[in-house]
Amino acid sequence: MQTKAILAQSDVINVLDAAQKEADSNSWPVTIAVTDDGGHLLALRRLDGAAPFSAEVATQKARSAALGRKETQVFEEMINGGRTAFVTAPLQGLLSGGVPITVDGHVVGAVGISGVKPDQDVQVAKAGVAAITG
């Protein structure tokens, strides 16, 4: 039987706090979503000033990164590069800002950020991931 790492509640809080610190240091009003490896929401934090819509977008970005096992920016670039049929994939968060959390080569969850420019969403997501993966 195989075993796998999972995100503990303390990990989720560390991700949220690190992502918020990055967003706050840049005065970026974002929503931060953290999911498990199956794309199920573990936590959501909407910062002051973040649009209500960003809560759903951040959640879907995290879900897509977890299920797709890669950054959602890859999906966005694929579509923008001409593979438009990919928009029919059964995922909704195909925009930059979703980053998987990988431990020992296995995806254990993901972070999704929404609220600012695509590269800024990615920057905040990666700060969250770095809090637990080094």
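Okay, ground rules. It's a predicted model, so local features need pLDDT of at least 70 and side-chain atom pairs count only at pLDDT 80 or more, while totals for chains, interfaces and linings use all residues. Numbering starts from 1 along each chain as its sequence is written, and side-chain values use heavy atoms, with hydrogens and water left out.

Let's start with the sheet. Helices (H or I, at least four residues) and strands (E, at least two) are DSSP runs, numbered from the N terminus, and two strands pair if DSSP finds at least two bridges between them. What we have is an open sheet of four strands, ordered 2-1-4-3, with antiparallel pairing. Strand 2 (41-46) and strand 3 (98-103) sit at the edges, each pairing on one side only. From one strand to the next, the twist averages 15°; angles here run from 0 to 180 degrees between N-to-C directions, with axes as lines fitted to C-alpha atoms, for helices over the stretch in contact.

Now along the order. Strand 2 and strand 1 (residues 31-36) share five bridges, and Leu 44 is the bridge partner of Ala 33. Those two strands make a hairpin with four residues between them, and Gly 39 in the turn has a positive phi of about 85°. On to strand 4: six bridges join strand 1 to it, with Ile 32 opposite Ile 113. Strand 4 (residues 106-114) also pairs with strand 3 over six bridges, where Gly 98 faces Gly 112.

How covered is strand 1? Five of its six residues are buried, and buried means under 20% relative accessible area, exposed over 50%, partly exposed in between, with a 1.4 Å probe and protein chains only.

Next, the helices. Helix 4 (residues 118-133) lies across strand 3 and strand 4, at about 15° to strand 3. In helix 3 (residues 72-80), the buried ones are Thr 72, Phe 75, Glu 76 and Ile 79. They line one face of the helix, because they fall within an arc of 100° seen down its axis, the arc being that of the directions from the helix axis to the C-beta atoms. They pack against helix 2 (53-68) and strand 3. After helix 3 comes Gly 82, with a positive phi near 120°.

Last one: Glu 76. Its relative accessible area is 19%, so it counts as buried. Which residues does Glu 76 touch, leaving aside neighbours within four places in sequence? Leu 94, Leu 95 and Ser 96, where contact means heavy atoms within 4.5 Å.
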